[in-house]
Amino acid sequence: MNGTGTAAEDRVFAALANATRREVLRLLRDEGPQPVQALADHFDMRRPSLSEHLKVLREAGLVSEQRSGRQRIYRLEAAPLAEVQDWLHPYERFWRGRMKDLAELLDRLPDDEPS
């Protein structure tokens, strides 16, 4: 990833910005592929609203839809999350280094002696 994201990367980050969509991804990760109604049962919203969230996730490549008769089954597609991991990795290294520096500083401080 360079300094500016591609349209696909921007769609992934935009999709992840919403708590409902993150919860849909968690449900699909933890419970496997599910029909729309099973997903809708987890939310206090009308089904058309959930369908809009699923559309955003589908357009970002984070879920796929398979028709089975009259049902639409949604499945997690985790590959785009690798882009997020790649983007976050330098920050993870940064914070790991800062924590190491803090630990070294704390190790150099004298222990508090009880009075």
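A residue counts as buried when its relative accessible area is under 20%, and this cut-off is applied in the legends below, which describe a predicted model.

View 1. When neighbours within four places in sequence are left aside, the residues in contact with T20 are F43, M45 and H53.

**View 2. The largest nonpolar core and the place of V24 in it.** In soluble globular proteins, nonpolar side chains tend to be buried together. The largest nonpolar core of this model has 19 residues, of which V24, L39, L50, L54, L57, L62 and Y74 touch the most other members. Helices α1, α2, α3 (36–40) and α4 each supply at least two residues of this core, and the largest share, four residues, comes from α2. For V24, again leaving aside neighbours within four places in sequence, the contacts are with F43, L50, L54 and L57.

**View 3. The open sheet of three strands.** The strands are arranged in the order β1-β3-β2, and their pairing is antiparallel. The edges are formed by β1 (34–35) and β2 (63–68), each of which pairs on one side only. Strand β3 (residues 71–76) is joined to β1 by two bridges, the two strands running antiparallel, and P35 has I73 of β3 as its bridge partner.

**View 4. Helices α2 and α4 lying across strands of the sheet.** Helix α2, which spans residues 19–31, lies across β1, β2 and β3 and runs at about 85° to β3. Helix α4, which spans residues 47–59, lies across β2 and β3 and runs at about 115° to β2.

**View 5. The packing of helix α1 against helix α5.** Two packed helices are described by the angle between their axes and the distance between the axes. Here α1 (residues 7–16) and α5 (residues 81–108) pack at an angle of about 90°, with their axes 10 Å apart; since angles of 65 to 115 degrees count as roughly perpendicular, α1 and α5 are therefore roughly perpendicular to each other. On the α1 side the contact is made by E9, V12, F13 and L16, and on the α5 side by L81, E83, V84 and W87. The residues of this contact divide into six nonpolar, two charged and no polar.

Methods
Residues are numbered from 1 along each chain as its sequence is written. This is a predicted model: local features need pLDDT of at least 70, side-chain atom pairs count only at pLDDT 80 or more; totals for chains, interfaces and linings use all residues. Side-chain values use heavy atoms; hydrogens and water are left out. Axes are lines fitted to C-alpha atoms, for helices over the stretch in contact, and angles run from 0 to 180 degrees between N-to-C directions. Angles under 35 degrees count as roughly parallel, over 145 as roughly antiparallel, 65 to 115 as roughly perpendicular and the rest as oblique. Contact means heavy atoms within 4.5 Å. Ala, Val, Leu, Ile, Met, Phe, Trp, Tyr, Cys and Pro count as nonpolar, Asp, Glu, Lys and Arg as charged, and the others, Gly among them, as polar. Two strands pair if DSSP finds at least two bridges between them. A nonpolar core is a set of buried Ala, Val, Leu, Ile, Met, Phe, Trp, Tyr and Cys residues joined through side-chain atoms within 4.5 Å. Buried means under 20% relative accessible area, exposed over 50%, partly exposed in between (1.4 Å probe, protein chains only).
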